[in-house]
2 protein chains.
Amino acid sequence: MNKPSRPCIAVDAMGGDFGPQVVVPGALNAAKANALSLVFVGREEEIRPHLDQADTTGVEVDVVDAREVVAMSDKPSQLRRKQDTSIQKAFLQVKKGRADGVVSAGNSGASLACGMFTLGRIKGIERPALASILPTEKNPLVLIDVGANVDCKARHLFQFGLMADVLAKDVLQIESPRVGILSIGEEEGKGNALVRDAYTMLSRSSLNFVGNIEGRDIFGGDIDVAVCDGFVGNVALKISEGLAHSLSRILKRELTTGVMAKLGCLLARDGFRRFAKRVDYAEYGGAPLLGLNGIALVCHGASNAKSISSAVAMAGTFVDNNANEHLVQGLTRNKELSLYGRGNGEASEAAASQELPKASSS
Amino acid sequence: MNKPSRPCIAVDAMGGDFGPQVVVPGALNAAKANALSLVFVGREEEIRPHLDQADTTGVEVDVVDAREVVAMSDKPSQLRRKQDTSIQKAFLQVKKGRADGVVSAGNSGASLACGMFTLGRIKGIERPALASILPTEKNPLVLIDVGANVDCKARHLFQFGLMADVLAKDVLQIESPRVGILSIGEEEGKGNALVRDAYTMLSRSSLNFVGNIEGRDIFGGDIDVAVCDGFVGNVALKISEGLAHSLSRILKRELTTGVMAKLGCLLARDGFRRFAKRVDYAEYGGAPLLGLNGIALVCHGASNAKSISSAVAMAGTFVDNNANEHLVQGLTRNKELSLYGRGNGEASEAAASQELPKASSS
């Protein structure tokens, strides 16, 4: 198999709650709209029928067979026993130069582990992190980490801040991103021990560090990057999704009670559609996994075809813009990365013990 | 001063962002509606004008002068130098038997510290915790801890679960509360080290423990108690508040674009009002501080008169129902409290070193 001429995304076709039936049409849709080529990785006999049904005109599509699938509930220890998984083989396509980026809606812990062991990490980054680009009242915000690393040290949070700063400059086109650390009070000294230590490191950096921010600042739009550990970020992300959905349901129920309200609701329909589009996380696609030597986006397990499409399109944009090279260059220019790092010592330890990082499954 | 015949709430009149001008009318409103008496604590010359302006017919009101105010930004170390604060003296009213409960919209760390040193803790509870009663799509949910303890051990989370279980039974009238631990995946083993250890303790307990829950489960209404450390809980609470407000603003903006939408909006007004009431946290008043030998509710710093009123009313309900005695009895009946506790050893250490707990300011 040769690499296609257009930017090529390796898509884990077995990932997510719905597998090939949403992944294949979703990815094809993005490929057509964004002039991308695709490699679907997974059980060929499950992928082909969906390809046969679809209109693939003008899209270079390949299929790489992989027999095994990582389940959402698989623990890192179980991962080691699965040798021929779709997620692992998707990363391998990038490693071999047959693809330029990976998209998976599977187990995010598995994506992190496979990404680290197949592509390796950017020099100086101890822990790759998941960055979610969230809609706010104004411009989008980067929340990092949203689930790759649940037990962090302060220097990891510092590294997350440096990576997200480059991402916000490069992808969101923000000249001097306002970076905050997610805490429980604005004043310095508020927060837990981890946050207080990371605060000190960030405040001494060259970043446009605005100090502690609170949960209520996330969606206001006056912050560009919010740094936290993967446990807090994952809870924050999921509680936001849950609340947005609950509020939509409550609103719909309230607004369909009574004839006048129903009529009003009909008239306000266009407004509602714009609103729904704004809070629909599917619009925002996947979360880039930053810190690997390559481009990888992780989608929500519950992704529908639209989310997959958004994520593949975003991966295409990352490839077109050389986003990962920009990340490496940005981090290299910023000499601060090595300030608190333990270099590659920890990496070799981890590799030596074959210890996989503990991560979330979504 | 004698104790009034009706249940009496000591109100920190200086607390919150707006002080006596919202605290006095808010508390009076609740006192009238719920047959309570009040002791306002704070600078008498700042309290009296608001009392003079108000209609106090039928409410027994007293004022206890306190010269100092704890600022939101005050650290525990600064607290020790302030001897005559309104929050400290409010707790003293309960200690002396002149009041039955405390309400403050001030620094929650100060409330926790003053509560612990004035009233003491329930036997076996190492860390009093803030429990927030949140609206969901179905019944209210108890989220504990929302900011009193930012660095917790697993046994503290276990104790939070036992306390919230009693609260949910007693105040929310739920026979067998479904208790979950807030994590980043449903399967056992997901989460950080703290959550995994607390999971084991909770799963061995007599509670109706449903295991890990995720952020998105909070507002669905299928859980009655969600346990987490005070850092995670505070971020979760504030991000929910922030998102609810942002969505309301976005919705309003979307729905007032275009003539048809405007008309629709007018017609749907009643539906909106019901919706707004449902997500308005002011309706739910204060967060009970559980684990003290006495009743105390902490309000949001940004509380308006309505929030104060809800909190004072809730404090009155707690007094009427002997909620704190029920908490003590419930914990005593459940012998598990001593399973992982360090008894009073830690308490005396803390008291001896005059170490104040680190807490949030909201």
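## A first look around chain A

Let's start at A:S108, which sits in helix α5 of chain A. Helices here are DSSP runs of H or I with at least four residues, strands are runs of E with at least two, and both are numbered from the N terminus. A:S108 is buried, with a relative accessible area of 3%; buried means under 20%, exposed means over 50%, and partly exposed is in between, using a 1.4 Å probe and protein chains only. The C-alpha atom of A:S108 is 7.9 Å from that of A:G147, and the two residues are 39 apart along the chain.

A word on the model: it is predicted, so local features need pLDDT of at least 70 and side-chain atom pairs count only at pLDDT 80 or more, while totals for chains, interfaces and linings use all residues. Residues are numbered from 1 along each chain as its sequence is written, chains are lettered from A and ligands numbered from 1 in the order in which they are written, and side-chain values use heavy atoms, leaving out hydrogens and water.

**The overall build**

Chain A has 13 helices and eleven strands. Of its 362 residues, 59% are buried. Take the contacts (heavy atoms within 4.5 Å) between residues at least 6 apart in sequence: 73% of them join residues at least 24 apart. The accessible surface of chain A is about 14000 Å², and carbon and sulfur atoms account for 49% of that. Areas like this come from the Shrake-Rupley method with a 1.4 Å probe, and for residues only the protein chains shown count as cover.

**The sheet**

Eleven strands of chain A form an open sheet with mixed pairing, in the order β3-β2-β1-β4-β11-β10-β5-β6-β9-β7-β8. Two strands count as paired if DSSP finds at least two bridges between them. At the edges of the sheet stand β3 (61–65) and β8 (208–213) of chain A, each with a single partner strand, so one side of each has no neighbour in the sheet. From one strand to the next, the twist averages 25°.

Zooming in, strands β5 (residues 129–134) and β6 (residues 141–144) of chain A pair in the antiparallel sense over four bridges. There, A:S132 stands opposite A:L143 in β6(A). Helix α4 (residues 86–95) of chain A packs on the sheet and touches β1 (8–12), β2 (37–42), β3, β4 (101–104) and β11 (295–298) of chain A. The direction of α4 makes about 145° with that of β2(A); axes are lines fitted to C-alpha atoms, for helices over the stretch in contact, and angles run from 0 to 180 degrees between N-to-C directions.

**Salt bridges**

A salt bridge puts a side-chain nitrogen of Lys or Arg within 4 Å of a carboxyl oxygen of Asp or Glu. Over all chains, the structure holds 22 of them, including these:

| Salt bridge | N to O distance |
|---|---|
| A:R67 and A:E45 | 2.8 Å |
| A:E126 and A:R155 | 2.7 Å |
| B:E214 and B:R216 | 3.3 Å |

In chain B, B:E214 is buried at 7% relative accessibility, while B:R216 is partly exposed at 29%. Back in chain A, salt bridges with shared partners link A:E45, A:D65 and A:R67 into one network.

A:R67 is partly exposed at 39%, and A:E45 is partly exposed at 46%.

A:E126 lies in the loop between α5 (108–119) and β5 of chain A, and A:R155 in helix α6 (residues 154–170), so this pair ties together parts 29 residues apart in sequence. Both A:E126 and A:R155 are buried.
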